[in-house]
Amino acid sequence: MPTNRHLDRRSLLKGTVGLGLAATWPIGGASLARAQFRAFPFSLGVASGEPSPDGFVIWTRLAPEPLVPLGGMTTLAAEVTWEIAEDPGMSRVIRTGTATARIELAHSVHVEIGGLEPARDYFYRFRAGGADSAIGRARTLPRPDAQPAELKFGVAGCQAWEGGFFTTWRRIAEENFDFLFHYGDYIYEYRPITVDRENRPLPRTMPADFRACYTLTEYRRRYALYKGDPDLQAAHASCPFLPSFDDHEVANNWADDNDPFGGPVEAFLFRRATAFQAWYEHMPVRRRMMPRGPDVIAYRSFRFGTLANMAVLDTRQFRTKQPCSNGFKADCGDADEPGRTMLGETQERWLADVLQTERATWQVLAQQVLFSPLNWRSFPWLPGMQGEVRRLDAWDGASAARKRVLATLRGAGAANPIVLSGDAHVDLALEIKDDWSNPTSPCVGVEFLTTSASSGGDGTAAMANADAIYADNPQLKFIGNRRGYTRHVVTPQRWRADLRCVERISTPGAPVATAKSFVVEAGRPGLVVA
Ligand code: FE
Ligand code: CA
């Protein structure tokens, strides 16, 4: 259990600065901070991420007073000790070391662990100022040539803190996933609000002194508010994450270097750099994903033996600006302009390369926004819309880019493509067609769009206008309007997706249930109700 043992001054060695248990823990140099914290320094929990067959990243951030600027730290660096153990009780420690937490990165530490065994659980914790962090569980990937019998992972994202309690994250923590793919909207950058769109009070309200995120301090405080949540901390401690980002880690609906509010590119890029820095500081990602100014390389792939390969995509940083002033629009001809892109040329080439070289039974594209075409005209929040209504912030705003990805999948001989997405704040299960304009065109893959963890409030047991939505969209096999996550259970023969929904998030502790399950048989693309 976490403890907060204040440093005993008498135990300090003269001329040096010690940590709480100076007798057994390394002693830092004179530039390190006096490891005295006014409160428990691991208030934001621990996390692991970016698994490989021989390791993963472990993360924490020292923040004794998480919501104040600097997190309650001074400008001095502080030493953090870490331990890796084979058992959850941390009795068989196999690796230990120290990392330096520095003000430049908000006193976060990202330790890349290597040299471990494949496909097994490990446990980790940190110590600083005599305090022990919570214990986290991580898990390495199988060897590239291994033939795993099963893979069980989660997908979640869109977690507006004020939208409700993080019960989704508590239920994820209970799953013991191999890993979790986060599709983005980890934070929302908006100014504090106290009521929802229908003027009802929100379940949680941010501190009154919070501002819309533009400065590094405000982005950091936003992450600190979210990561202070015990349910989210439990989810991070339960399994490694594969983080990605969508728009709200920076600004609503941003695209490439375009400020969604029309400000100058140069100014927006400063905001993007600031937002990326705070994102990096709070995510368990590798050093190679450290931003360089406004740029970060966040696309990469993970291989689960011969069973699956997952390409995590970045659909924000290199995309063409949304056509027709964005939003939900009918008759936006510009959306079909051939030069439009969602990934950019370099990432498209990288994806083609990954699909050619990383052959596996299941080819997974893990990304942020709806990939399949969808006519939104009958959605209850778009009253009075007619025709083919497209969401232009999703792949419907760049249909040529989608065609290129489908051609790449075909060219690589990908027999079982699975696209994962988020952003829409509903559950969607869709069949991907080779030629969307031809109703008899064969199904070439499936898409599971995971609902929000908390954005949008409780939702409803049944989606309003569902019959009309299905009639408009024969490729749509399910729509759900609850909050939750998706559990994917993958074997060499079949892929099963369980759409997990929490009953409500306006009060804490609600139960979770499977709203719908689909199965895809390997070699037979298409959704079968389980
Ligand atoms: Fe969202
Ligand atoms: Ca989004």
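1. Start with the calcium ion (ligand 2): Asp185, Asp246, Asp247 and Asp423 coordinate it through OD atoms at 2.3 to 2.6 Å. Donors here are N, O and S atoms within 2.8 Å of the metal (3.2 Å for Na, K and Ca), and water is not among the atoms, so sites may look incomplete. Along the chain, the donors follow the spacing D-x60-D-D-x175-D.

2. Before you go on, note that this is a predicted model, where local features need pLDDT of at least 70, side-chain atom pairs count only at pLDDT 80 or more, and totals for chains, interfaces and linings use all residues. Residues are numbered from 1 along each chain as its sequence is written, chains are lettered from A and ligands numbered from 1 in the order in which they are written, and side-chain values use heavy atoms, leaving out hydrogens and water.

3. Now look at aspartate 185, which bridges the calcium ion (ligand 2) and the iron ion (ligand 1); these ions lie 3.8 Å apart.

4. How accessible is aspartate 247? Its relative accessibility is 1%, so aspartate 247 counts as buried, and aspartate 423 is buried too, at 7% (buried means under 20% relative accessible area, with a 1.4 Å probe and protein chains only).

5. Finally, visit the two domains, whose bounds come from an automatic or database domain assignment: domain 1 (31-137) and domain 2 (150-212 + 242-268 + 290-529). Their centres, taken over C-alpha atoms, are 31 Å apart. Between them the count is 1 salt bridge, a side-chain nitrogen of Lys or Arg within 4 Å of a carboxyl oxygen of Asp or Glu. Glutamate 50 and arginine 300 meet in a salt bridge at 2.4 Å, N to O.

Terms used:
Buried means under 20% relative accessible area, exposed over 50%, partly exposed in between (1.4 Å probe, protein chains only).
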